[in-house]
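Let's take a friendly walk through a few local details of this protein. Have the chain open beside you as you read.

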Amino acid sequence: MIEILKAILFGIVEGITEWLPISSTGHMILLDEFIKLDVTPEFYSMFQVVIQLGAILAVVILFWNDFFPFGKKDNHYPLAKDGILSYVKIDKIVLWIKILVACIPAAVVGILFDEQLEAIFYNYQTVAISLIVFGIAFIVIENRNAHQRSRIHSLRNITIQTALLIGVFQLIAAIFPGTSRSGATIVGALLLGVSRTVAAEFTFFLAIPVMFGASLLKIVKFGFAFTTQEVIILLVGMVVAFIVSIFVIKFLMDYIKKHDFKVFGWYRIVLGIIVLLYFLFLG
């Protein structure tokens, strides 16, 4: 029973930190320092990635009409006026091309160097430094943007080149835990002139193939050799992450309509300093 309660806590942390630009992986690593699941290291390595599928399902449900490329309703850009091709939404197909292009950098590095990067960088020092560095980046970029107007105000205006550059920023998060996948892509998008709302939406959509791919890779490497307790722990974590993500995504989309990301930058800096001090003097 205690492991189920721990799984619920991990699910809550995942659901909150996956979408706020404060690093879900970083928080999961830190949480594991204080509340350890009674599982094998191999299962936990898989668990901290696959639990993200619950968070992704929240995006799929909330934004289904915004990215699903087929259907007659609200199809303003059909592939043809009549027949079966009239159900194909060209703008959504183009959006998915941009999303997949943005996934290329992280996908290549993840497939080739996943275990090596995890062994080198998955520690509190990297998490703390990444939290602080990207926290500063958020504050600096938002201060700069306060005197500039965004150039890109819709997903349609994101070019293939811009998508690829955002993908390069996502790669930074794939290498350094604590950076935050959403944080890195949002920072990159803001630097490239994308508005906050569009940057957040593109980040949500970009997470779908990235996390499905990463989760599949982890499950395959784990070998599907689950015990009954492990299955329960994983499912509980995913379900809780899904429920929490629904509320967090809605909160974030409402929040950024009236506020900037600087509060998350300050949070990251403070947390990063606390982590460094804790492990230096008490760890």
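A residue counts as buried when its relative accessible area is under 20%. In this predicted model, Ser180 has a relative accessible area of 5%, so Ser180 is buried. You will find Ser180 in the loop between α8 (160-175) and α9 (181-191). Its phi is positive, about 85°, although Ser180 is not a glycine.

Asp74 sits in the loop between α5 (64-67) and α6 (90-121). Is Asp74 buried or exposed? With the cut-off for exposed set at over 50%, Asp74 counts as exposed, at 51% relative accessibility.

## A buried lysine

Now turn to helix α1 (residues 2-17), where Lys6 lies. Lys6 has a relative accessible area of 18% and is therefore buried. If you leave aside its neighbours within four places in sequence, Lys6 is in contact with Ile35, Lys36, Leu37 and Asp38.

## How α3 meets α10

Helix α3 (residues 41-50) packs with helix α10 (residues 196-222) at an angle of about 160°, and their axes are 9 Å apart. Angles over 145 degrees count as roughly antiparallel, and α3 and α10 are therefore roughly antiparallel to each other. The crossing of α3 past α10 is left-handed.

On the α3 side, the contact is made by Glu42, Phe43, Ser45, Met46, Val49 and Val50. The α10 side brings in Ala214, Ser215, Lys218, Ile219 and Phe222. Sorted by class, this contact of α3 with α10 has seven nonpolar, two polar and two charged residues.

Technical notes: Residues are numbered from 1 along each chain as its sequence is written. This is a predicted model: local features need pLDDT of at least 70, side-chain atom pairs count only at pLDDT 80 or more; totals for chains, interfaces and linings use all residues. Side-chain values use heavy atoms; hydrogens and water are left out. Axes are lines fitted to C-alpha atoms, for helices over the stretch in contact, and angles run from 0 to 180 degrees between N-to-C directions. Helices (H or I, at least four residues) and strands (E, at least two) are DSSP runs, numbered from the N terminus. Angles under 35 degrees count as roughly parallel, over 145 as roughly antiparallel, 65 to 115 as roughly perpendicular and the rest as oblique. A crossing is left-handed if the near helix is turned anticlockwise from the far one by less than a right angle, and right-handed if clockwise. Contact means heavy atoms within 4.5 Å. Ala, Val, Leu, Ile, Met, Phe, Trp, Tyr, Cys and Pro count as nonpolar, Asp, Glu, Lys and Arg as charged, and the others, Gly among them, as polar. Buried means under 20% relative accessible area, exposed over 50%, partly exposed in between (1.4 Å probe, protein chains only).
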